[in-house]
Amino acid sequence: MSPDPMIRDILARSLGWPEAHVSFDDAARDLPAQHRGVRPAGLAHSPWEIVEHIRIVQRDILEFSLDGEYEEREWPAGHWPKGISERPGS
């Protein structure tokens with residue numbers, strides 16, 4: 001197998017390795033709805049903030065990949081949700 005297909009195969013398989021990370025479904029399975037927007041004591045972000053962060057960053061990667069005139073987002077503010085006081089559970 002040439003290097004390119006080998007690398008593609010390894011990358012594709014790595015997305016499904018449960019040893020590397022917990023799946024979203026497993027992590028969120030038993031999370032009560034009333035706790036989704038609440039920051040647990042001692043933690044920096046609520047489950048909602050983390051999911052929104054993932055969405056924002058994925059969108060940023062897509063924009064970077066597709067837009068020849070891409071402008072970098074401010075770090076870290078441009079990669080996290082805004083309006084903390086406006087979210088449920090805050």
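**Figure 1. Surface and overall build of the predicted chain.** Residues are numbered from 1 along each chain as its sequence is written, and side-chain values use heavy atoms, with hydrogens and water left out. You'll find three helices and zero strands in the protein chain, running α-α-α from the N terminus on. Helices (H or I, at least four residues) and strands (E, at least two) are DSSP runs, numbered from the N terminus. Of the 90 residues, 12% count as buried; buried means under 20% relative accessible area, exposed over 50%, and partly exposed in between (1.4 Å probe, protein chains only). Take the contacts (heavy atoms within 4.5 Å) between residues at least 6 apart in sequence: 43% of them join residues at least 24 apart.

**Figure 2. The largest pocket.** Rolling a probe the size of a water molecule over the atoms shows where empty space is left. A pocket, on a 1 Å grid over the protein atoms alone, is an open set of points where a 1.4 Å probe fits, with protein on both sides within 12 Å along at least five of seven lines; lining residues have an atom within 4 Å of a point. The largest pocket has a volume of about 270 Å³, a volume being the space filled by probe spheres set on the points, with grid points joined across faces, edges and corners. Its lining consists of F24, A27, A28, L31, R36, P47, W48, I50, V51 and I54. Helices α2 and α3 each supply at least two of the lining residues, and α3 gives the largest share, five residues. By class, the lining has nine nonpolar, no polar and one charged residues (Ala, Val, Leu, Ile, Met, Phe, Trp, Tyr, Cys and Pro count as nonpolar, Asp, Glu, Lys and Arg as charged, and the others, Gly among them, as polar).

**Figure 3. H35 in its loop.** Look for H35 in the loop between α2 (24-28) and α3 (47-66). H35 is partly exposed, at 42% relative accessible area. From H35 to S46 it is 11 residues in sequence and 8.3 Å in space, C-alpha to C-alpha.

Figure 4. A salt bridge is a side-chain nitrogen of Lys or Arg within 4 Å of a carboxyl oxygen of Asp or Glu, and the count comes to eight. One of them pairs R13 with D9 (3.0 Å, N to O). Both sit in helix α1 (residues 3-14), four residues apart, or about one turn of the helix. R13 is partly exposed at 43% relative accessibility, and D9 is partly exposed at 35%.

Figure 5. R59 bridges to E63, with the closest N and O atoms 3.1 Å apart. These two are both in helix α3, four residues apart, about one turn of the helix. R59 is partly exposed at 43% relative accessibility, as is E63 at 27%. R73 forms a salt bridge with D60, the closest N and O atoms being 3.0 Å apart. That pair links distant parts of the chain: R73 lies in the segment after α3 and D60 in helix α3, 13 residues apart. R73 is partly exposed at 25% relative accessible area, while D60 is buried at 9%. Salt bridges with shared partners tie R59, D60, E63 and R73 into one network.

Definitions and conventions: Predicted model: local features only at pLDDT ≥ 70, side-chain atom pairs only at ≥ 80, totals over all residues.
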